[in-house]
Amino acid sequence: MELLRLDEAQASIERAVALAPDWEAVHFEQGKLWLRLDDTERAAASFADAGRLMPSFSAAFSNLGAALGELERHEEALDALKQALRFDPFGHAILNNIGAAARDLGRLDEAESALRQAVAHAPQFVFAHYNLGHTFFLQG
């Protein structure tokens, strides 16, 4: 996949899923492949499978949340991101995405809180500053 040989990557991952359907890592890699192939719906399903198989798999839930956000399924995205945060409580990218999802749902106080935490954990993380500023703008 890293060499952009996506047809070969897809065939290999499909074999891996067939051989080890209960291994969360193959579903996670499959989700990453679907993202590269611009199929966000299938990516979300693969990340959800990875999270179902390993509920503490923070990266699976983080990617699931991001994919669901892209699909404008913001409530589900927020739930997935909160699950990711349970196992990575200082994850500034997760907090940023929680802030963006909460903002998209109109929960501006919740968005502000998550984004302030993201900035506190990673003061150089530009996206959190941008999203916090946008939240302030929406708050008036």
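A pocket is an open set of grid points, and its lining residues have an atom within 4 Å of a point. The legends below describe a predicted model.

**View 1. Lining of the largest pocket.** The largest pocket holds about 150 Å³ of space. Gly65, Ala66, Gly69, Glu70, His74, Ala77, Leu81, Asn97, Ala100, Ala101 and Asp104 form its lining. At least two lining residues come from each of helix H4 (58–70), helix H5 (74–87) and helix H6 (92–104). Five of the lining residues are nonpolar, four are polar and two are charged.

**View 2. The largest nonpolar core.** This core comprises 30 residues, of which Phe28, Leu64 and Ile98 touch the most other members. Helix H2 (24–36), helix H3 (40–53), H4, H5, H6, helix H7 (108–121) and helix H8 (126–139) each contribute at least two residues. The greatest contribution, six residues, is that of H5. A separate core of seven residues lies apart from it, with Met1, Ala9, Ile13 and Val17 among its members.

**View 3. Surroundings of Leu64.** Beyond its neighbours within four places in sequence, Leu64 is in contact with Ala44, Phe47, Ala48 and Ala80. Leu64 is also one of the buried residues of H4.

**View 4. Helix H4 and its covering.** The buried residues of H4 are Ser58, Ala60, Phe61, Ser62, Leu64, Gly65, Ala67 and Leu68. H2, H3, H5 and H6 are included in what covers these residues. The end C-alpha atoms of H4 are 18 Å apart, which agrees with the 18 Å that its 13 residues should span at 1.5 Å a residue. Just after H4, Glu72 adopts a positive phi of about 60 degrees.

Notes: Residues are numbered from 1 along each chain as its sequence is written. This is a predicted model: local features need pLDDT of at least 70, side-chain atom pairs count only at pLDDT 80 or more; totals for chains, interfaces and linings use all residues. Side-chain values use heavy atoms; hydrogens and water are left out. On a 1 Å grid over the protein atoms alone, a cavity is a set of points where a 1.4 Å probe fits but cannot get out, and a pocket is an open set with protein on both sides within 12 Å along at least five of seven lines; lining residues have an atom within 4 Å of a point. Grid points are joined across faces, edges and corners, and a volume is the space filled by probe spheres set on the points. Helices (H or I, at least four residues) and strands (E, at least two) are DSSP runs, numbered from the N terminus. Ala, Val, Leu, Ile, Met, Phe, Trp, Tyr, Cys and Pro count as nonpolar, Asp, Glu, Lys and Arg as charged, and the others, Gly among them, as polar. A nonpolar core is a set of buried Ala, Val, Leu, Ile, Met, Phe, Trp, Tyr and Cys residues joined through side-chain atoms within 4.5 Å. Buried means under 20% relative accessible area, exposed over 50%, partly exposed in between (1.4 Å probe, protein chains only). Contact means heavy atoms within 4.5 Å. The expected span of a helix is 1.5 Å times one less than its number of residues.
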